[in-house]
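Student: I have a model open and want to go through it with you. Can we start with how the chains meet?

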Amino acid sequence: MQKLIAVLWPSFLVAGVATILFSNFVDPDLLINAVGLADASRLAVYSITWLCFWLMGIVTAILTCHFLKPVN
Amino acid sequence: MSEPAASTSSSIQQHLYSKRETIYPRQVSGLFARLRVIAALVLLGIYYGVPWLQWDGRQAVLFDLPERKFYIFGLVIWPQDFIYLTGLLIIAALALFFFTAVAGRLWCGYACPQTVWTESFLWIQRKIEGDRNQQIKLAKSPWNLNKIYKKSLLHSIWILFSLWTGLTFVGYFMPIDEIATRMVTLSLSGWALFWVLFYSFATYGNAGWMREQVCIYMCPYARFQSAMFDKNTLIISYDNNRGEPRGGRRKRDDHKAKGLGDCINCSLCVQVCPTGIDIRDGLQYQCIGCAACIDVCDEVMEKMAYPKGLIRYTTENSLEGNKTRLLRPRVIIYALILLTVMGAILFSISNRSAVELDVLRDRNSLYRETNYGLVENIYTLKVINKDSVAHEYTISASGIEDLKLEVDNLPVTAESGEVSNVITRLVADPEDLVSASTKVEFTIQAIDNPEIRISEQARFIGPR
């Protein structure tokens with residue numbers, strides 16, 4: 001439980017901030033055009049951006065937890 | 001050296017996690033309980049009510065993500081104005097620092113969403129399962145029809161309440177009447193539905209199940225708030241000198257003769273605590289400053305005919321018999337920074353330009369040579385009218401000698417809050433180009449008001 005919170009929670013917070021910053025500077029419409037998802041809405045792009053950031057944060061947090069273990 | 005200490009502390013933490021017992025806070029009444037209920041009602045009223053307010057025929061407060069415009073009553077905030085939102089967050093953080101330094105964890109006890117929703121959920125639980133003792137009894141009882149009925153009723157109401165909360169949350173970002181209709185007719189689109197459910201799940205989980213664990217293990221503020229504390233900060237504290245030695249007694253006993261303090265050790269202060277701590281153990285970071293223990297202890301003191309305030313809002317200095325100083329460097333500095341930032345934001349909002357210009361170069365070609373041997377660059381100008389009325393604008397460009405500007409439809413018009421895309425061609429003689437990339441400047445100006453003008457730089461690319 002403690003590990004789960006330590007992995008999911010900080011990455012959630014950071015993903016939120018990262019998404020806000022990212023979508024402020026990058027208009028999702030440009031991304032939609034670039035990737036070629038014609039029927040994706042901006043909301044979908046924001047959501048997917050956020051999920052991606054969260055996923056990256058989760059991976060980082062899991063690695064941190066992993067490296068925190070003593071070597072021997 | 002530090003190895004054993006670290007492992008001990010981590011084993012204690014593990015212990016806490018595994019040994020977590022559900023806390024059933026006893027209901028309190030009294031001055032601070034009333035204040036807390038009023039605060040909760042006002043805050044919930046704002047939260048659930050604001051998305052339904054209208055302003056000029058649109059939703060008054062709408063962070064319209066699909067349109068990339070934030071409406072806050074009369075104010076429209078564009079992605080370009082992001083600095084204001086950042087400023088708002090900085091103000092919120094500084095205000096939190098300031099209030100913490102002066103009055104401790106007021107935020108946690110009265111205004112934090114975690115507290116407000118937990119109290120709402122507890123209130124629902126009390127209505128269905130009864131008071132603390134009945135709740136504990138029900139939890140311990142085997143699964144019979146009564147328990148199944150009460151528990152499923154409780155969770156159904158919690159879930160409905162959470163869904164409403166989630167819907168309201170998404171209603172800050174998309175038109176709420178549309179979402180509500182679609183929610184009822186079950187035709188909500190994919191991502192909107194995802195967010196409604198996600199936020200509902202978070203509400204249900206945090207206020208129904210996690211409760212005080214959110215404050216203790218997840219809240220970043222709880223971890224660092226003590227850094228803002230000093231000996232003059234308002235805290236909730238048990239008066240050790242007056243209360244100890246604690247012990248049971250009858251009301252007519254002369255406890256002083258028995259060598260007892262004022263604390264009758266009734267443990268009510270522990271039973272009402274939403275985080276399950278004993279305030280008599282001193283200041284603890286689990287204490288969210290809700291003052292429930294003050295209310296209940298005052299009640300007991302009254303019954304015993306002792307003076308109130310055995311547990312009270314006080315400061316470390318005052319407990320030690322010293323004077324409490326309100327104005328101290330820490331408070332003054334927080335207040336000064338807060339006022340400065342607030343002033344700067346207000347000043348810049350009231351002075352912000354009523355028009356915004358973005359220049360995008362044509363992506364398809366760097367430049368084009370015309371039939372007359374001239375060089376042409378194509379740009380898209382995004383003219384954003386941030387004023388409350390429509391305007392017509394003129395465009396000019398400078399930076400290269402004899403630079404010619406060609407626009408198909410002049411003047412440019414933009415309604416209030418509208419973005420006008422203007423395809424613009426700049427034509428220059430290659431003889432006049434000093435380098436392959438030359439700085440040029442576009443200027444737009446409202447025809448009816450020369451003060452509404454803005455310039456934006458761009459690059460003119462030529463052969464080299």
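**Interface and sheet**

Tutor: Chain A puts 23 residues into the contact and chain B puts in 19 residues (contact: heavy atoms within 4.5 Å). This is a predicted model: local features need pLDDT of at least 70, side-chain atom pairs need 80 or more, and totals for chains, interfaces and linings use all residues. Residues count from 1 along each chain as written, chains are lettered from A and ligands numbered from 1 in written order, and side-chain values use heavy atoms, without hydrogens and water.

Student: How much area is buried between chain A and chain B?

Tutor: About 1900 Å², with 70% from carbon and sulfur atoms. Buried area is the accessible area (1.4 Å probe) lost when two parts are put together, summed over both.

Student: OK, new topic. What is the strand order in the open sheet of chain B?

Tutor: The order is 13-11-15-16, four strands with antiparallel pairing. Strands are DSSP E runs of at least two residues, numbered from the N terminus; pairing needs at least two bridges.

Student: Which strands are at the edges?

Tutor: Strand 13 (412–414) and strand 16 (453–461) of chain B.

Student: And how many bridges join strand 11 to strand 15?

Tutor: Six, between residues 391–398 and residues 437–446 of chain B. B:Ile395 has B:Ile444 as its bridge partner in strand 15.
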